Amino acid sequence: MNKFLLFLLMSISVFANENLSFQKDIKPILDKRCVVCHSCYNSPCQLKLSSFEGLTRGATKEEIYQNRIKPANPSRLFIDAKNEKEWEELGFYSVLKNYKNTNIMKELLVQKQKKPENIGSYSPEKDDLTCSKDLKELDKYLSDNPYHGMPYGFPALNKKEHKLLISWLESDIKNDIKEDKNISKTLKKFENFLNKTDIKHKVTARYIYEHLYLAHIKFDDSDSFYKLIRTYDKKGNIPVKTRVPYNDPKQKFYYKFQKITSTIVHKTHMVYHLNDKKLERYNKLFIKEKWKEKPYFPSFDPKIAANPLEAFKQIPAVSRYKFMLDDVHYFIMTFIRGPVCKGQVALNVINDQFWVAFKNPDLDYTIQDKNFLEQNFNNLALPNEYGGDSKISNIIDIYKYNEDTINYYKNKNSLYKKYNNNVSLDSLWKGNKYGEKDNDAILTIYRHFDSASVHKGALGNLPRTMWVIDYPLLERLYYSLVAGFDVYGNTQHKLLVRKYMDRLRIEGESNFLEYLPKDKRQNMFNSWYKGTLTKYLVTYTPSDNEAKINLDYKQLVENILEFTKTPKDKINYIENPNLKRTNSYKTKEDVENALRSVAFNNKMNRFKKFSSSNYNLIYMKFKLNDEDLVYTMVINRWHDSVAFMFNEEERLDVTKDRVNFIEGFIGSYPNYFIVVEEKDIKEFFDLLEKAVDEKEFSKFFVNRNNKNFWEVYDWFQNRFKESNPIESGLFDLNRYYQKGLEEDHSFIFATNILKSFK
C-alpha cells in the first residue's frame, strides 16, 4: 500500500504537470521512440515527428512515392506552408486536435498499451495504414487492426514515457524550444561571399547553392548544423519555394544559412564542412581563376538550367570538377541517400556492391580539351529538362538518349585517341588524403534492397563490377538524381530519370573497362549483363584505344588499390583460404578470424534466408569481457543483370550471394539486431556454418517483439553516436524485419530475453 501511495504521489508530481516542457520532457521520447519511423518523405502518413513544426503539421493520406499522371503539390516542411490553416489546404490534418478530451495521437498510444503484442507482419512503408483523419475513421481502423497502436509493430512505451506523453497531449501544447542566438563568424563570411553582387560571385553562388542545397552544413565554430537556402528577405523568413534548386525565383533573393532544428536522422544526414580554408578554396577555384567567357548570369530555362555542363559552361570545367572532388563522398552520398533513392525499383539499377574510382582532373581530356563538352551538349542532355510534369510522349526520348549515348562514346573515344592517350593508372585520381586511412580515392557503394549507402575505401570482397567516374558523368549523376529530381513529380518524370540512370551506370562501367586490354572488354561487359533480352537494353561502345597495362580484371582492381594506397578489406578480401576458427573467443582477433571464415565460405545457399528483401543489413554486437565489438552483416545478392526495372527476382542467383562483415555501422535502415554473449560466440558461429535457420538463431536475433527491444536499439544508437558524433544520426526502423508473432502465437520471440540488457 505504501508503494502504491508513493507511486501515486510521483505520478501527480511528474505526470500531471500542465507545464511539461516539450524540449526537456517530450522531445527526447519522440526522438527515441517515434522519429525512428516518422522523419522523412517515407514517414507513414507523412507524419514527421522530428520537430515541433512537423508534429503540428500533422498527417495526410497523400503518399509521396506513388504512381501519378500529374505531379503532386509539394509539402516540404518549413517551406511550402507556415501554419495549420495552410497545411490543411494542402491536405494535412491535426493529430493533436482534441475531441472530447482525446485526439488521434493519444488514442494510438493508448491502443498500444491495451494491445502491446505485435501479431502478424509490419511494414510501415507498404502496409495500408489508412491514415485516419478523424476519430471516427480511427475507431474503425483500430477495430479492424487492434494490434496497430503506436509505436507501430514495436514494444509499447514504458509506463513513464507513456504517461508523460499523455499528460502533455492533454495539456496546453506549446513549443518552448529557444532559438540559439550564437552566430558563427564563419557562417557570416560565407553569407557575405554568396551574396556579393558582382556577376562572377553571383554565378559562383548559384553553382554552389545548386550543389549544396541538400547538405547539412557544419561550420568549425558551431555545434549546430545548417541548410543553405534562398530567401526573399534577409532574415530568412520567406523561403523561395521552387520545386528544384535551379528554377527561377522570379524576384530578388538572398542566400542564407538556416539552422536545422529538426532531429538529425542518419538517412538524410549528409554533412558538408565549411571553414576558412574552404572559403579560400572557393576563391581560388571560382573567383581568381580566369573564366572561359566573360561572366554572365545563366538562363533559368529548364532546357539549359537542368544541364550544368551547359548552364555553367563559362566557369572552367576543371574548377567545377575539383570543387566536386574536394567533397566527392558527399556528392556520391546525395544520390545514394537523396529522395530519388527510395524503394526497390529505384535501386535495382545498381549492383549490391561495387567500387568507384575517379579520373584525375589533369588527365580527364573531356575537360582538358576546351571544345569537347560544348560539342557534345546535345549528346549529354538530361531528361530532367522536362521537369516533374513530364508528358507521356517524353518517354519516347529514352530511345533518343540511347542514340546520344553511342554518339558520345564515339566522340570520347576519338578524343582520347587524338591525345594519343593509352589509358594508364596515372589518369586516376589519388584522393584528397592520399595514403591515409580515410582517403576517398575509392568509394564503396552498397545496395540494401530498398536503400543504399556509400563509404570511403574498398569495403568487402572483390566486387563484380567497378566504375570510373569523370567530370561529365559526376555532374550528370548529381543533376539527374538529385538537383533535377522532383520527388513530387509524376510517374513519367521518375521513369525517365530511372531509365537514364541505366545509361549513367554503363558509362561508369565503360570508363573502367578502358583500363582493360581492348580484346577483353566486351567479354567482361557481357559477363555483367547476362540474358537474351539484355543486349536490347544496354548500350556499350568499346574503343579501339589500347590500355598501357595488360592485366585481367582482378589484377587491374588490385593495381588500382595499390596505386591509390587503398587497403584491402581485412575481413572480407580473402587471399588465404586456409582459415581456422578457434574454440575460444576472448579477443577481437578471435572474432574477426571467425568472421573471415564465414565470409570466405559463404557461397552456398545456406544464406538464402538472408537474401530475402527484408534481410539485408544486420547490426551485430559481440560482448567480450573487456570490450563490446560491433559489426554490420551486409548481404550482397548476385544479379545476372541489372538492366531491367521489374521482376528482379528472376535474375537473382542465391548460390553466388556474398556476405560481408564490416566493423562499425553500414547504412541507415537496420533489418535486424544481433547480440551475442562471449560464452555463446562459438555456438553462434557454429550455426552460421550450417544452413541458417531463423528459429535456431532466435537466441541471438532481437525480434520486434522482444521486451528488451528498445534497450537494444538505444545501445546501438548510442554506440553509433559515440563512434562518430558528427556523421551519425538516428537509425530508421521502417524496414526492420517485419515478422512479429504468428497469429496462433505458436512462434513467440518475445520470450527471448537478452541477459546483457537486464
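The model is predicted, with local features needing pLDDT of at least 70 and side-chain atom pairs counting only at pLDDT 80 or more, while totals for chains, interfaces and linings use all residues. Residues are numbered from 1 along each chain as its sequence is written, and side-chain values use heavy atoms, leaving out hydrogens and water.

Tyr536 sits in the loop between α21 (518-528) and α22 (553-563); helices are DSSP runs of H or I with at least four residues, strands are runs of E with at least two, and both are numbered from the N terminus. With 62% relative accessibility, Tyr536 is classed as exposed (exposed is over 50%, buried under 20%, partly exposed in between, with a 1.4 Å probe and protein chains only).

Turning to the rings, the count of aromatic pairs is 68. Rings of Phe, Tyr and Trp (its six-membered ring) pair up if their centres lie within 6.5 Å; planes under 30 degrees apart are stacked, over 60 edge-to-face, and the rest tilted. Phe286 and Phe323 make an edge-to-face pair, because their ring centres are 5.6 Å apart and their planes meet at 65°. This pair links distant parts of the chain, from Phe286 in helix α10 (residues 276-287) to Phe323 in helix α13 (residues 317-326), 37 residues apart. Both Phe286 and Phe323 are buried.

Another edge-to-face pair joins Phe331 and Tyr478, at 5.8 Å centre to centre with 90° between the planes. Since Phe331 belongs to helix α14 (residues 328-337) and Tyr478 to helix α19 (residues 471-483), the pair ties together parts 147 residues apart in sequence. Phe331 is buried at a relative accessible area of 0%, and Tyr478 is buried at 0% too.

Gln717, in helix α25 (residues 709-723), is buried, with a relative accessible area of 8%. The Gln717 side chain reaches the backbone oxygen of Gly729 at 2.9 Å, and one of its polar atoms lies 2.8 Å from the backbone nitrogen of Phe731.

Terms used. A polar contact is a pair of N or O atoms within 3.5 Å; within protein, one must be able to donate a hydrogen and the other to accept it, and residues adjacent in sequence count only if both atoms are side-chain atoms.
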